[in-house]
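Work through the exercises below with the coordinates open. Try each task before reading its solution.

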Amino acid sequence: MRYPTTVKTLIDKLRDGDSVSWGEFYERYHQIIRDVGAVKGLSGDECSDLVQEVMLRFFRNSSTFRFDPNIAKFRTYFSRIVSGKIVDILRRRMVTKPEFAADEELCRGVEDPPDVALDRILLDRWRRFMLEQAREILRSRVDAGTYQAFELYAEQGRELRRVAEALEMTPNRIYVAKSRCLKTLRQILLELNESDPELELLRDEV
């Protein structure tokens, strides 16, 4: 996968019928769709249906959809599509499987949108997704050795001496790599959070 690709650039490529970009779009967003479906009580097969239906909706709208980050967040648009398709699947389940019709927990939010709980879940999953994206962007901004030192020492908590031996680097170089990566990652998070402050990407220390 190619990183970083902005949402607007990706949407523009989808509109132009770029098949490679469709693959990137699927790889980037399919897991968050499945995660949200699972949290809302969908079965494995229903989660697969949810992914297909959400992707199909984007595919059908790709030629006419115009994304302007100055008007609305992509997350908001994405969330509305996912939540709408979850409602569709739950309603189909109630028709095809009457035994679920009386289950208040499964049906909650189907007749009375907006579903506040679902919005909260989507926000949480989107935040995790964007934190992962930030690390991919970091990987693209520093050299491989610097990122590997940061990943092993700062993120995985490996012993400094062992990391130094494995990477054939001095402890001081590893300290420098960690400092550089943390500074760069913070700047990336600032950039991402500026476009969507509700995510609070800097609320946890990096």
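The exercises cover aromatic pairs and nonpolar cores in this predicted model.

**Exercise 1.** Classify the aromatic pair formed by Y29 and F129.

Solution. Start with the pair's geometry.
- The ring centres of Y29 and F129 are 5.3 Å apart, and their planes make an angle of 40 degrees.
- Pairing requires centres within 6.5 Å; stacked needs planes under 30 degrees apart and edge-to-face over 60.
- The pair is therefore tilted.

**Exercise 2.** Locate Y29 and F129 in the fold, and decide whether each is buried or exposed.

Solution. Take the helices, then the accessibility.
- Y29 sits in helix α2 (residues 19–39), F129 in helix α6 (residues 116–141).
- Their pair thus ties together parts 100 residues apart in sequence.
- The cut-off for buried is under 20% relative accessible area.
- Y29, at 1% relative accessibility, is buried.
- F129, with a relative accessible area of 8%, is buried too.

**Exercise 3.** Find the ring cluster that contains Y29 and F129.

Solution. Follow the ring pairs.
- The model has 18 aromatic pairs.
- Ring pairs join Y29 and F129 in a cluster with W22, F25, F58, F59, F74, Y77, F78 and W126.

**Exercise 4.** Describe the largest nonpolar core.

Solution. Go from size to contributors.
- This core has 43 residues.
- F25, Y29, I33, F78 and W126 have the most contacts inside it.
- Helix α6 gives the largest share, 10 residues.
- A second, separate core has 10 residues, including L152, L160, L167 and I174.

How values were computed
Residues are numbered from 1 along each chain as its sequence is written. This is a predicted model: local features need pLDDT of at least 70, side-chain atom pairs count only at pLDDT 80 or more; totals for chains, interfaces and linings use all residues. Side-chain values use heavy atoms; hydrogens and water are left out. Rings of Phe, Tyr and Trp (its six-membered ring) pair if their centres lie within 6.5 Å; planes under 30 degrees apart count as stacked, over 60 as edge-to-face and the rest as tilted. Helices (H or I, at least four residues) and strands (E, at least two) are DSSP runs, numbered from the N terminus. Buried means under 20% relative accessible area, exposed over 50%, partly exposed in between (1.4 Å probe, protein chains only). A nonpolar core is a set of buried Ala, Val, Leu, Ile, Met, Phe, Trp, Tyr and Cys residues joined through side-chain atoms within 4.5 Å.
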